[in-house]
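Work through the exercises below with the sequence and the model side by side. Try each task before reading its solution.

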Amino acid sequence: MLEIEKLKKALSALPEKEVKPLLFHIFLKADLVKKTGYTEANFIQDVLEIKKKIVDRLERPEMDEKRNVQMVHIVFGPSAEGSLRISLKNLGLDENERIISFWELFSVGPVFHLEEENGVKARFDWLKQNMNEEDDHLQYQQKFQQTIRQIVSIPAGTPITIWTGENAHEQTGMRFVLYLLRDRLHQIMMINTTKAYHDHFHAPHIQFVPLHSGEIATEKIQILCGQKKQPLSQLEREQLEQEWLELSNDRGKLRIWRNGKIHSVPEDHFDSFIIYKAKKLHSQQEKKDYLKAARLIGEVIGHLEQYVSLSNTG
């Protein structure tokens, strides 16, 4: 089969629920070319790897879930998943190491009793009403429940690495995962991608701090894969599990990361900042006119210093 025909067939077979996260991942990588040391050559290489992954899926069925898995990686978001998947493949680890990914934005929406079935239903009912995602609502709920099943089905004794940055989304998700794994006999490692990026890649002439793991270039994720990881102690696990229970008993709908902690804030927390940015952009117009929503969203996200997924901006 010709290469172009393989690609057409592979794209046709791609589930619709994966298309938007995949495009978001590609656009995010393109944006990093302007902001960081991530080069156009890196971007082209990553896009080619994504293409190969899509075609490979068509030509080779998914490996048996019961294969000899030596490590399970848990990440939060399609961008982080894509970078890690490419990294494991480049390192020759993709045959024996598995990735489980949440697509949720844990900083937005209720997490009240999310470890229970009623809590899951309440969260997705709220998202359906508030996030303009009615078409994807059922798919995302099914994906969420599937991810939970994958986590609780990890064979006993299999080491687990959780990738998390210093933001409310990944930090909330990490605590949720640790609660799901309570009393399970796993060696659990944690990679704080924000700290690891600073320790390994900080350059004084480049002012860039990744707001979440998905912003880190693939070749840097690949380097972090090879770093020695210290398992969480039982005391650390219990502390983080308890912190999840505190989050789970909070009925708040919005969480931010501030001073090294997750804080629940009112739903209108960012309104004054959005209004400030709107007034500033309007004052810069030579001819006063309506602002394009996309321009305002970009300005707000670019200066917010909190991770906000573009897929959740309506």
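## Salt bridges and helix faces

The structure holds six salt bridges (a side-chain nitrogen of Lys or Arg within 4 Å of a carboxyl oxygen of Asp or Glu). This is a predicted model: local features need pLDDT of at least 70, side-chain atom pairs count only at pLDDT 80 or more, and totals for chains, interfaces and linings use all residues. Residues are numbered from 1 along each chain as its sequence is written, and side-chain values use heavy atoms, without hydrogens and water.

**Exercise 1.** Find the salt-bridge partner of K121 and explain the pairing along the helix.

*Solution.* 
- Step 1. The partner is D125, with the closest N and O atoms 2.8 Å apart.
- Step 2. Both residues lie in helix α5, four residues apart, so about one helical turn separates them.
- Step 3. An α-helix has 3.6 residues a turn, so residues three or four places apart point the same way.
- Step 4. Check the cover. K121 is partly exposed at 46% relative accessible area, and D125 is partly exposed at 28%. (Buried means under 20% relative accessible area, exposed over 50%, partly exposed in between, with a 1.4 Å probe and protein chains only.)

**Exercise 2.** Determine which side of α5 is buried and which residues are exposed.

*Solution.* 
- Step 1. Helix α5 spans residues 117–130, 14 residues in total. Helices are DSSP runs (H or I, at least four residues), numbered from the N terminus.
- Step 2. The buried residues are G119, V120, R123, F124, W126 and L127.
- Step 3. These residues cover an arc of only 155 degrees around the axis, which puts them on the same side of α5. The arc is taken from the directions from the helix axis to the C-beta atoms.
- Step 4. On the other side, E117, N118 and Q129 are exposed.

**Exercise 3.** Locate the salt bridge between R175 and E243, and state how far apart the two lie in the chain.

*Solution.* 
- Step 1. Their side chains meet at 2.7 Å, N to O.
- Step 2. R175 sits in helix α7 (residues 168–180) and E243 in helix α10 (residues 234–248). They are 68 residues apart, so the pair links distant parts of the chain.
- Step 3. R175 is buried at 9% relative accessibility, whereas E243 is partly exposed at 22%.

**Exercise 4.** Identify the residue that pairs with D199.

*Solution.* 
- Step 1. K195 forms the salt bridge, the closest N and O atoms being 2.9 Å apart.
- Step 2. D199, at 48% relative accessibility, is partly exposed. K195, at 49%, is also partly exposed.

Key:
The expected span of a helix is 1.5 Å times one less than its number of residues.
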